[in-house]
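Me: I have not looked at this structure before, and I would like to go through it by question and answer. Please take me through it with care.

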Amino acid sequence: MTNETDTAVTVLGLGLMGRALAAGLLAAGHTTTVWNRTPGKAGELVAAGARPAATAAAAVRASALTIVCLTDYPAVYELLDTADLTDRTLINLTSGDSAQARTAARWAEQRGARYLDGAIMAVPPVIGTAEAVLLYSGPRADFETHEPTLAALGTASHLGDDHGLASLYDVAGLAMMWSVLNAWLQGTAMLRTAGVDAATFAPFARQIAAGVAEWLPGYAEQIDRGAYPAEVSALATDARAMVHLVEESEALGVNAELPRLIKAMADRAIAAGHGDEQYPVLIKEFGKPR
Ligand SMILES: NC(=O)c1ccc[n+]([C@@H]2O[C@H](COP(=O)([O-])OP(=O)(O)OC[C@H]3O[C@@H](n4cnc5c(N)ncnc54)[C@H](OP(=O)(O)O)[C@@H]3O)[C@@H](O)[C@H]2O)c1
């Protein structure tokens with residue numbers, strides 16, 4: 001059952017992302033109230049039917065659901081610490097880490113609000129399309145209540161009741177993204193010394209990345225089982241190839257920090273007796289502080 005109260009949404013923060021979120025909600029026909037600290041950013045949204053609120057506190061009272069998307073978590077507290085959040089649902093799509101998300105959940109709940117934390121795995125232009133993936137965590141019932149509304153923003157995925165999960169996935173995704181990009185930049189730097197340009201290497205690199213991605217389910221199964229039989233290659237074999245990577249990088253005069261780090265981690269695992277096991281045994285190195 002939907003009625004105007006169910007589908008009315010407030011968006012706080014009309015930066016690049018907040019404006020895209022509000023536009024997506026408007027396009028889906030939701031009554032959308034908007035507010036931004038600096039005036040003048042709501043013009044196009046208001047022309048498209050958004051209702052401007054005079055204050056953030058008034059904006060929160062205008063809808064059962066408020067979506068907040070600011071620069072960081074301290075900005076959220078600064079903005080809403082004195083607002084009346086009683087009986088409202090707050091969905092915080094501001095980027096942060098899992099501890100910030102869990103702390104914000106307690107803060108919101110102490111103010112009588114229901115709280116979901118979220119992470120946006122997309123850029124503003126794709127908000128409102130299925131290509132935009134938005135992750136949510138917090139009580140499932142609260143997510144399900146608002147799921148039809150959140151569908152206006154993109155593909156909504158609920159990760160679990162733990163409020164920290166969306167941020168944790170977000171940061172884990174960043175680890176993937178930067179690691180893949182850094183590996184590509186390393187290879188590009190090496191090949192450029194031989195006159196191979198980045199565009200020539202890119203399709204080859206893409207093929208390698210896609211091939212490695214295919215290994216993940218099987219390797220994940222080994223990690224979850226805690227057993228790493230060398231089915232295709234032993235870590236000691238990989239470590240010998242890592243020597244080539246380090247020595248080649250040094251000989252070419254390109255940065256060898258990443259190759260050395262890769263090799264140092266494998267060397268530690270081998271020293272701990274894991275040389276005969278398969279690559280994902282390195283989770284033991286990744287899983288402890290250093
Ligand atoms: N843009 C992206 O591609 C993207 C992708 C994924 C996630 N995100 C996340 O989305 C969030 C917003 O990003 P954005 O790109 O929209 O940033 P942005 O364009 O810089 O907008 C930041 C927004 O936060 C507001 N703000 C900052 N401090 C505030 C405070 N103390 N009180 C009230 N409002 C405050 C700003 O208001 P003023 O206009 O008054 O300065 C503005 O509306 C970030 O956490 C970002 O990591 C962005």
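Me: At what distance does a backbone N or O atom of Gly15 lie from an oxygen atom of the ligand?
Reply: In this predicted model, backbone atoms of several residues come up to oxygen atoms of the ligand, and Leu14 is one of them, with a backbone N or O atom 3.3 Å away. Thr71 also places a backbone N or O atom 3.3 Å from a ligand oxygen atom. For Gly15, the distance from a backbone N or O atom to an oxygen atom of the ligand is 3.2 Å.

Me: What percentage of the ligand's accessible area does the protein cover?
Reply: The ligand is surrounded by 21 residues, and the closest are Met17, Asn36, Thr38, Lys41 and Ser95. On its own the ligand has 900 Å² of accessible area, and the share of this that the protein covers is 77%.

Me: Which strands stand at the edges of the open sheet?
Reply: The open sheet has eight strands with mixed pairing, in the order E3-E2-E1-E4-E5-E6-E7-E8. An edge strand has a single partner strand, so one side of it is left without a neighbour in the sheet, and this holds for E3 (51–52) and E8 (155–158).

Me: Which residue in E6 stands opposite Thr89?
Reply: Strand E5, residues 89–92, and strand E6, residues 114–121, run parallel and are joined by four bridges. Helix H8 (residues 165–192) lies across E6 and strand E7 (133–137), at about 15° to E6. Opposite Thr89 in this pairing stands Arg114.

Me: What is the phi of Asp87 near?
Reply: Asp87 belongs to the loop between helix H5 (73–80) and E5. Most residues other than glycine have a negative phi. Asp87, a residue other than glycine, has a positive value instead, near 60°.

Me: How far apart do the C-alpha centres of domain 1 and domain 2 lie?
Reply: The protein is divided into domain 1, covering 4–160, and domain 2, covering 193–286. Between their C-alpha centres the distance is 41 Å.

Terms used:
Residues numbered from 1 in each chain as written. Predicted model: local features only at pLDDT ≥ 70, side-chain atom pairs only at ≥ 80, totals over all residues. Heavy atoms only, no water. Pairing = 2+ DSSP bridges. Helix = DSSP H or I, 4+ residues; strand = E, 2+ residues; numbered from the N terminus. Contact = heavy atoms within 4.5 Å. Axes fitted to C-alpha atoms, helices over the stretch in contact; angles between N-to-C directions. Near = heavy atom within 4 Å. Polar contact = N/O pair within 3.5 Å; in protein donor to acceptor, adjacent residues only side chain to side chain. Areas by Shrake-Rupley, 256 points an atom, 1.4 Å probe, with all protein chains shown as cover. Domains from an automatic or database assignment.
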